[in-house]
Amino acid sequence: MSQLLEGKTALILGIANKWSLAFAIAQAFRREGAKLILTYQGERLKRSVEDLAGELGEPRVLECDVTKDDDLAQLTESLEGGRLDAVVHSIAFANREDLERPFVETSRAGYLLAQEVSSYSMVAVARAAAPLMTGGGAMITLTYLGSTRVLTNYNVMGVAKAALEASVRYLASELGPRGIRVNAISAGPVKTASARGIRDFSKILQVVGEHAPLRRNTDPAEVADAAVFLASDLGRGVTGDVMFVDAGFHIMGL
Ligand code: NAP
């Protein structure tokens with residue numbers, strides 16, 4: 001059977017552990033024949049990501065903290081001479097206290113940190129990766145409904161996701177002439193390390209499971225298959241878009 005990503009090389013940023021959405025995406029990309037390159041943020045996660053790489057056919061694993069310009073420059077340098085066809089940016093961070101106190105209490109530093117890691121990093125990664133995408137390709141980031149709706153406790157991260165989605169549109173417009181498509185997948189809530197930072201996350205899962213048109217929560221494998229579509233030639237006409245993979249929850253009113 002033919003594989004949708006055969007002959008393509010994908011850079012995947014944001015695997016922390018086996019629950020990470022980026023890991024589900026890496027598994028699906030591998031299933032579809034892509035060659036993978038993975039990154040980890042720092043020494044703390046090196047071992048865990050290297051262990052997971054074992055399950056993915058031993059891809060190259062590189063260190064990259066997206067807040068460090070030197071790391072991004074090093075990433076480009078390490079990959080020079082090769083060709084990238086897909087980039088998955090699956091990274092976000094906000095201080096736990098900014099996800100708990102009222103939004104109006106968000107500190108300047110907390111606001112900027114969430115923006116830097118969760119939104120600006122997509123621009124920085126795109127700048128680092130685009131020169132390597134000599135045959136065009138696809139960039140994909142992960143977002144959430146809190147970008148356009150007020151969702152309890154999502155607060156500063158919702159604002160960062162709004163900026164991320166706007167960045168997707170600007171990047172898509174600029175990189176389109178080079179054959180590079182840029183899209184976001186808006187995933188329904190999934191229990192991951194990041195999600196555990198959101199207060200009452202299990203309540204969110206319960207409400208979404210009860211009210212989504214499909215009457216269930218999102219399976220990370222569904223997010224991963226959407227990423228395969230966007231990275232593959234099947235998605236060749238799609239750019240600048242936010243694709244919802246959330247069992248339909250985003251269409252519901254109260
Ligand atoms: P996750 O497993 O915790 O992944 C988040 C990743 O971001 C981790 O690998 C984390 O590394 C990395 N990261 C944070 N700061 C970084 C930095 N400075 N440099 C490099 N990497 C950094 O959680 P996830 O749920 O899969 O999140 C992936 C993406 O999906 C995020 O953008 C998230 O907002 C989005 N998303 C998640 C859900 C959900 O319900 N889970 C729903 C919609 C969208 P460390 O562990 O080292 O910090």
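## Exercises on a predicted model

The protein carries 27 positive and 30 negative side chains, with the centres of the two sets 3 Å apart. Lys and Arg count as positive, Asp and Glu as negative; His and the chain ends are not counted. Each charge is placed at NZ of Lys, CZ of Arg, CG of Asp or CD of Glu.

This is a predicted model: local features need pLDDT of at least 70, side-chain atom pairs count only at pLDDT 80 or more, and totals for chains, interfaces and linings use all residues. Residues are numbered from 1 along each chain as its sequence is written, and side-chain values use heavy atoms, leaving out hydrogens and water.

**Exercise 1.** Find the buried side of helix 3.

*Solution.* 
- Locate helix 3 at residues 69-79. Helices are DSSP runs (H or I, at least four residues) and strands are too (E, at least two), numbered from the N terminus.
- Pick out the buried residues: Asp71, Leu72, Leu75, Thr76 and Leu79. Buried means under 20% relative accessible area, exposed over 50%, partly exposed in between (1.4 Å probe, protein chains only).
- They cover an arc of only 140 degrees around the axis, so they lie on the same side of helix 3. The arc uses directions from the helix axis to the C-beta atoms.
- Turn to the face away from the buried side: Asp69, Asp70 and Glu77 are exposed there.

**Exercise 2.** Name what the buried residues of helix 3 pack against.

*Solution.* 
- Three strands take part: strand 1 (9-13), strand 2 (35-40) and strand 3 (60-63).
- Contact means heavy atoms within 4.5 Å.
- Finish after the helix: Gly81 follows helix 3 with a positive phi, near 95 degrees.
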